[in-house]
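Colleague: I am new to this structure and would like a close look at a single part. Please keep the account plain.

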Amino acid sequence: MKAFANIEGALAAVGSSLADVVRARVSVPDPADIAAVMAVFAERFKGIEPVGTFTCTPLAGPEYRVEIEVTAYRGAGARTEQRVAVVL
């Protein structure tokens, strides 16, 4: 997926990587594409697991299939973490 290549290139340019992503927002205009996008997202972020928000919203034109915005914290991927499950 070209979007991930762009994200990885931008992160690499500032000395970071997908491992440093702590949040992602994903917009997909066609609900029929959500499952495919989520599968790629899950594969690329396996073991990283940033907070994610997926929405179905129109984009600038029909040629756009997905928009991904990420927030990264340089060095976050190298930190140890404690996982906490919140069940409501």
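Which residues of helix α2 (residues 34-44) are buried?

Modeller: This is a predicted model, in which local features need pLDDT of at least 70 and side-chain atom pairs count only at pLDDT 80 or more, while totals for chains, interfaces and linings use all residues. Residues are numbered from 1 along each chain as its sequence is written, and side-chain values use heavy atoms, with hydrogens and water left out.

The buried residues of α2 are Ile 34, Val 37 and Phe 41. Buried means under 20% relative accessible area, exposed over 50%, and partly exposed in between (1.4 Å probe, protein chains only). Helices (H or I, at least four residues) and strands (E, at least two) are DSSP runs, numbered from the N terminus. An α-helix has 3.6 residues a turn, so residues three or four places apart point the same way. On the face turned away from the buried side, α2 carries the exposed residues Ala 35 and Glu 43.

The buried residues of α2 pack against α1 (2-13), β1 (21-27) and β2 (51-55), where contact means heavy atoms within 4.5 Å. α2 lies across β1 and β2 and runs at about 165 degrees to β2. Axes are lines fitted to C-alpha atoms, for helices over the stretch in contact, and angles run from 0 to 180 degrees between N-to-C directions.
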